[in-house]
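Welcome! Here are some exercises to work through with the structure open beside you. Try each task yourself before you read its solution.

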Amino acid sequence: MTIGDDLLLLAISPRDGRVQAAEAMGPALRGAEALDLSLAGRVAVAEGRIAVADPRPIGHPLVDRSLATLHAEGGAPRLQSWFSERPTEPAALHQYVTLLADRGVIRIERRGDGGRTRSRLVLVDLERCAYVRTRVENVSSPGDRALGSIVHACGLDEELYPGLRGRSARRRLSRLTEDEQLSPGVRDSIEAVVDAVADVLARDQTGGAANR
């Protein structure tokens with residue numbers, strides 16, 4: 001399981017089976033891949049760009065495909081460009097939903113409703129889901145900090161910890177890179193990725209508002 005897998009598990013509402021903050025999941029999942037690869041030493045993130053440092057796979061089909069694509073294309077693209085949806089591939093959210101369903105972590109239920117087919121995601125591996133929640137509530141590793149930072153960047157924290165009661169939790173997630181025990185290199189990578197995800201989402205929102 002990767003940061004992206006765990007991000008999606010956090011996003012699936014156990015009440016109604018919908019993906020919370022779904023409009024932000026594309027860039028957020030790509031950002032999660034960059035963080036997985038960075039923490040594994042497979043990419044270098046610097047000056048807002050991402051480049052391959054070691055092309056060996058990490059053992060996750062979607063993350064490894066992204067690494068292979070980056071390696072084949074060469075160069076060091078800007079993070080914002082790398083986080084955009086790829087026209088030749090299915091949407092990132094669809095890919096992760098399919099993968100987790102194939103692995104039995106979630107189940108996709110489809111129901112007819114007035115001529116329409118609606119999909120509902122059911123959490124199956126409840127032990128894993130509970131563990132993922134502890135990752136953002138009891139942060140203990142760089143990977144946990146990366147996950148919590150992405151949760152905040154894509155606005156999922158507003159869903160997980162809503163209203164005044166959740167304000168302190170949201171504030172905590174926004175400050176996860178301030179820990180002095182975090183190495184400067186890891187901190188810089190997380191902050192660069194999180195900032196790029198937030199920038200892509202802000203552009204999408206501005207573009208959507210302009211087109212309405």
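## Exercise 1: A hairpin and its turn

The hairpin of β1 and β2 has two residues between its strands, and Glu47 there takes a positive phi near 55°. Keep in mind that the model you are looking at is predicted.

**Task.** How many bridges join strand β1 to strand β2, and do the strands run parallel or antiparallel? Then decide whether Glu47 is buried or exposed.

**Solution.** 

Step 1. Find the two strands: β1 covers residues 43-46 and β2 covers residues 49-52. They run antiparallel and are joined by four bridges.

Step 2. Look for residues that face each other. Ala44 stands opposite Ala51 in β2, and Ala46 stands opposite Arg49 in β2.

Step 3. Go to the loop between β1 and β2, where Glu47 lies. Glu47 is not a glycine, yet its phi is positive, about 55°.

Step 4. Check its accessibility. Exposed means over 50% relative accessible area. Glu47 has 79% relative accessibility, so it counts as exposed.

## Exercise 2: An enclosed helix

**Task.** Why can helix α1 be called largely enclosed by the rest of the structure?

**Solution.** 

Step 1. Recall the cut-off: a buried residue has under 20% relative accessible area.

Step 2. Go through α1, residues 3-11. Ile3, Gly4, Asp5, Asp6, Leu7, Leu8, Leu9, Leu10 and Ala11 are buried.

Step 3. Draw the conclusion. Nine of the nine residues of α1 are buried, so the helix is largely enclosed by the rest of the structure.

Step 4. Look at the segment before α1, where you will find Thr2. Thr2 has 6% relative accessibility, so it counts as buried too. Leaving aside residues up to four places away in sequence, Thr2 touches Asp36, His60, Val63 and Tyr96.

Step 5. Follow the chain into the loop between α1 and α2, where Ala21 lies. Ala21 has a positive phi of about 55° although it is not a glycine. At 6% relative accessibility, Ala21 counts as buried.

## Exercise 3: Helices that cross

**Task.** At roughly what angle do the axes of α1 and α5 cross? At what angle do α2 and α5 pack, and what is the angle for α6 and α7?

**Solution.** 

Step 1. Begin with α1 and α5 (residues 92-102), whose axes come within 10 Å and cross at roughly 90°. That makes α1 roughly perpendicular to α5. Gly4, Asp5, Leu8 and Leu9 of α1 make the contact with Leu93, Tyr96, Val97, Leu99 and Leu100 of α5. By class, these residues are seven nonpolar, one polar and one charged.

Step 2. Turn to α2 and α5. They pack at about 65°, with axes 8 Å apart. Roughly perpendicular covers 65 to 115 degrees, and α2 is roughly perpendicular to α5. Here Met25, Gly26, Leu29, Arg30 and Glu33 in α2 meet Ala92, Leu93, Gln95 and Tyr96 in α5. The contact of α2 with α5 has five nonpolar, two polar and two charged residues.

Step 3. Finish with α6 (residues 126-137) and α7 (residues 142-153), which pack at about 90° with axes 8 Å apart. These two helices are therefore roughly perpendicular to each other. Val132, Arg135 and Val136 in α6 meet Gly143, Asp144, Leu147, Gly148 and Val151 in α7. That contact has four nonpolar, two polar and two charged residues.

## Exercise 4: Into the core

**Task.** Which residues touch the most other members of the largest nonpolar core? Which residues does Met25 touch, not counting residues up to four places away in sequence?

**Solution.** 

Step 1. The largest nonpolar core has 60 residues. Leu7, Met25, Phe83, Ile106, Val151 and Leu156 touch the most other members.

Step 2. Pick out Met25. Not counting residues up to four places away in sequence, Met25 touches Leu7, Ala11, Val19, Gln20, Leu93 and Cys154.

Methods
Residues numbered from 1 in each chain as written. Predicted model: local features only at pLDDT ≥ 70, side-chain atom pairs only at ≥ 80, totals over all residues. Heavy atoms only, no water. Core = buried A, V, L, I, M, F, W, Y, C linked by side-chain atoms within 4.5 Å. Buried < 20%, exposed > 50% of the residue type's maximum accessible area, 1.4 Å probe, protein only. Contact = heavy atoms within 4.5 Å. Axes fitted to C-alpha atoms, helices over the stretch in contact; angles between N-to-C directions. Parallel < 35°, antiparallel > 145°, perpendicular 65-115°, else oblique. Nonpolar A, V, L, I, M, F, W, Y, C, P; charged D, E, K, R; others polar. Pairing = 2+ DSSP bridges.
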